[in-house]
Amino acid sequence: MLSDDQLNEIIVEAENVPSRVVPEKTPVNSSFSMVSSISDIDVTDSQSFGNPDDKKSKQLLRFSTSLNESFLQTLHRSPGSVGIDTSHENIQGQKLIASLIPMTSRDRIKAIRNQPRTMEEKRNLKKMVDKEKSKQSHRILELNCCAQCLNSISRAYRRSKNSLSELLSYISLWQKTFKVIGGKFGTSVLSYFNFLRWLLKFNIFSFIVTFSFIIIPQFTVPEKNTLQFTGLEFFTGAGYFQDTVMYYGFYTNSTVQHGSSGAPYNMQLAYIFTTGACLIVCFFSLLFSMARNFRNNFINPHIYSRGITKLIFCWDFTITHERAVKLKQKNLSTEIRENLSEIRQENVKLTLNQQLIHVSAHLAAWVVSTGVAIACCVAVYYLAENNSEFLKNHQNPGAVLLLPFLVSCINLATPRLYSLFRLVERYETPRREVYILLIRNIFLKISIIGILCYYWLNIVAQAGEECWETLIGQEIYRLLLMDFVFSLADSLLGEFLRRLIGMQFPTSLGLQEFDIARNVLELIYAQTLVWIGTFFCPLLPFIQMITLFIMFYVKNISLMMNFQPPSKAWRASQMMTFFIFLLFFPSFTGVLCTLAITIWRLKPSADCGPFRGLPFFIHSIYSWIDTLSKRSGYLWVVWIYQNLIGSVHFFFILTLIVEGKDKMFLIEKLAKLQDMEKRANTSSFSMERRDVEQTSPLHVREHNAAHDLRFRRSVQEENPKV
């Protein structure tokens with residue numbers, strides 16, 4: 001070991017060098033570790049120093065050489081440094097130093113973060129780099145005023161971005177409740193509540209947009225409601241509500257303008273553009289969410305290792321509260337059980353006879369479920385076709401609730417029948433069972449909505465009613481309300497009674513498990529009705545926002561009281577992707593088709609609504625474009641409409657571009673996986689050769705350091721967020 005005087009001399013010499021890498025009062029052994037780990041930063045000499053004639057490059061070269069000499073002096077003075085190749089260390093030291101100096105703040109932080117060191121060493125290294133940067137910025141960097149301003153803006157942007165992300169995570173809805181649910185019931189049940197919160201954000205956005213651009217402008221136009229409020233309107237949606245901003249027929253078709261100096265506000269354009277903007281935002285949000293979840297859950301390499309590294313080696317040391325620590329431990333144990341259960345299920349192999357029995361049971365279940373779905377659709381079609389005649393013969397205000405009541409009964413009973421098929425089919429994995437139930441239920445519910453849309457657009461719209469758009473809005477409101485009432489009754493009464501029965505007969509029934517497929521399809525069914533009905537009832541997003549908020553607390557209470565954790569633990573990291581895909585297709589695509597037929601093919605009512613007197617809804621856009629084409633200052637808007645919005649070829653090319661990017665993304669990920677596999681095979685082969693060779697004490701130390709470095713690298717590759 002070195003004496004105190006020698007060590008102080010080395011420290012003073014290192015401090016006098018304009019370094020950004022050497023920490024203050026670094027021990028001798030740590031300097032050797034620093035030099036030995038520089039191979040992690042792969043920067044070529046040409047990238048580091050650039051043109052030899054450049055003044056900055058010469059300064060960097062002199063700086064790296066001087067600091068490298070201090071490293072070598074330290075190594076030569078240490079007894080354990082005998083036999084080290086100084087020329088090799090010189091080159092490696094230059095690479096390390098030259099790669100850190102010209103980096104931006106973000107790149108420098110990444111480089112330090114990727115160093116195979118402890119967190120304390122990285123923090124000290126970063127502090128020292130920042131300190132030396134502030135001391136020598138006037139000599140080396142020589143930044144002008146503009147560059148300093150840009151750096152200040154960049155730092156302010158990063159700080160504000162981090163603060164905003166921390167604020168959003170802090171005010172995120174039900175964050176603590178989600179941790180409790182995930183710890184007790186696992187990620188499979190938690191995926192339902194994540195999906196519910198995701199839909200709630202959708203409806204909050206839709207309500208803010210419609211309220212700002214449609215409802216508030218209509219409030220400025222005085223309209224007197226002569227109908228009397230009785231309270232029955234909350235159930236039927238008719239009566240007093242008919243002449244309010246709740247329905248399409250109440251909105252004016254005139255241009256809203258206050259005073260001679262006020263800007264005109266075209267209600268026709270506002271109505272159709274607001275609806276279109278909500279649908280466009282929902283479309284791209286669905287695509288983005290699907291792509292992000294697909295990337296995180298299907299493509300990222302650390303998923304294939306099932307995140308064992310995260311479960312074993314990572315712990316949030318900021319958690320100090322005893323209850324939070326126990327909750328975190330429970331979440332980790334549940335996640336480990338899910339991973340182990342999936343590994344065990346993948347290794348299960350069936351005999352030929354068992355496979356034949358399973359295939360026969362699946363075919364029989366599919367035949368029965370398809371027949372039941374067809375029978376339900378025929379019943380709904382018969383009820384819808386005779387609904388108008390039934391309402392004419394029965395003047396009771398409650399008669400309008402018959403069709404929504406029967407549809408809700410079908411939606412409640414049929415999925416429960418589908419859930420009983422699991423007793424016969426006996427799927428190997430719970431995930432496959434959920435997928436099959438989701439497909440069967442989505443086929444049933446979307447078919448029912450399709451029949452109702454056919455009834456509204458071909459019977460109600462063509463019947464010559466005074467304001468058929470308002471009638472359709474009332475029908476959708478009643479369907480949504482009745483579905484909410486049935487869901488509440490099922491959660492508060494049905495699931496409670498099922499728990500009591502299960503407790504009385506534990507051997508045959510036992511406690512029930514949360515039915516993910518049925519509950520998710522209830523959300524998709526309700527959201528589909530909201531998207532269709534927003535054009536006819538602009539307040540539907542607000543109503544759905546309230547129902548989702550209530551349903552979260554009702555489902556949470558029922559889950560904690562009436563359900564047991566899944567008997568088979570399984571990971572549901574990919575479930576959210578499948579939920580969003582079902583919401584996009586066939587739900588959202590069916591909504592687009594329905595509204596397209598309404599806007600392009602149907603004639604608006606002559607006496608109500610903002611489009612009264614027009615041959616088709618789309619003619620409001622045509623008239624606006626014709627007006628703009630006569631003004632030279634707005635020809636660019638006409639060009640955008642004709643060549644982009646109104647062009648089929650543009651959307652075809654856009655689709656090809658999106659698909660091409662997805663393919664390139666998958667190819668890049670596949671290439672990365674192949675490279676990782678090659679590196680793993682190469683490292684294992686080199687380790688085997690090194691074990692055979694006779695090693696000296698110095699080689700033993702180098703081998704242990706390299707092994708530790710490879711281990712840390714593998715941990716970082718499997719979990720980049722560590």
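## Transmembrane regions

In an unreviewed entry, UniProt places the feature "transmembrane region" at residues 198-219, 269-288, 363-384, 396-413, 434-457, 529-554, 575-600 and 634-658. The structure shown here is a predicted model, and two of these spans can be described in it. Residues 575-600 are 100% helix and 0% strand, with end C-alpha atoms 36 Å apart, whereas residues 396-413 are 67% helix and 0% strand, with end C-alpha atoms that lie 27 Å apart.

## Helix 20 beside helix 22

The axes of helix 20 (residues 468-504) and helix 22 (residues 540-562) come within 10 Å and cross at roughly 5°; because angles under 35 degrees count as roughly parallel, the two helices are described as roughly parallel to each other. The residues that meet include I476, Y477, L480 and F484 in helix 20, and L540, I543, Q544 and T547 in helix 22. By class, this contact has 13 nonpolar, six polar and three charged residues.

## Cavities

A search of the whole structure finds seven cavities of 30 Å³ or more. The largest cavity holds about 130 Å³ of space, and among the residues that line it are Y192, L480, F484, E522, Q544 and M551. Helix 20, helix 21 (516-533) and helix 22 each give two or more residues to this lining, which divides into seven nonpolar, three polar and two charged residues.

The second largest cavity has about 100 Å³ of space, and its lining includes N203, T275, C282, W531 and P541. Helix 11 (267-299) is one of the elements that give two or more residues to this lining, and helix 11 gives the most, with four residues. The lining residues here are six nonpolar, five polar and no charged.

Methods:
Residues numbered from 1 in each chain as written. Predicted model: local features only at pLDDT ≥ 70, side-chain atom pairs only at ≥ 80, totals over all residues. Heavy atoms only, no water. UniProt positions renumbered as here; feature names shortened; annotations may be inferred. Axes fitted to C-alpha atoms, helices over the stretch in contact; angles between N-to-C directions. Parallel < 35°, antiparallel > 145°, perpendicular 65-115°, else oblique. Contact = heavy atoms within 4.5 Å. Nonpolar A, V, L, I, M, F, W, Y, C, P; charged D, E, K, R; others polar. 1 Å grid on protein atoms, 1.4 Å probe; cavity = no way out; pocket = protein on both sides within 12 Å on 5 of 7 lines; lining within 4 Å. Points joined across faces, edges and corners; volume = space filled by probe spheres on them.
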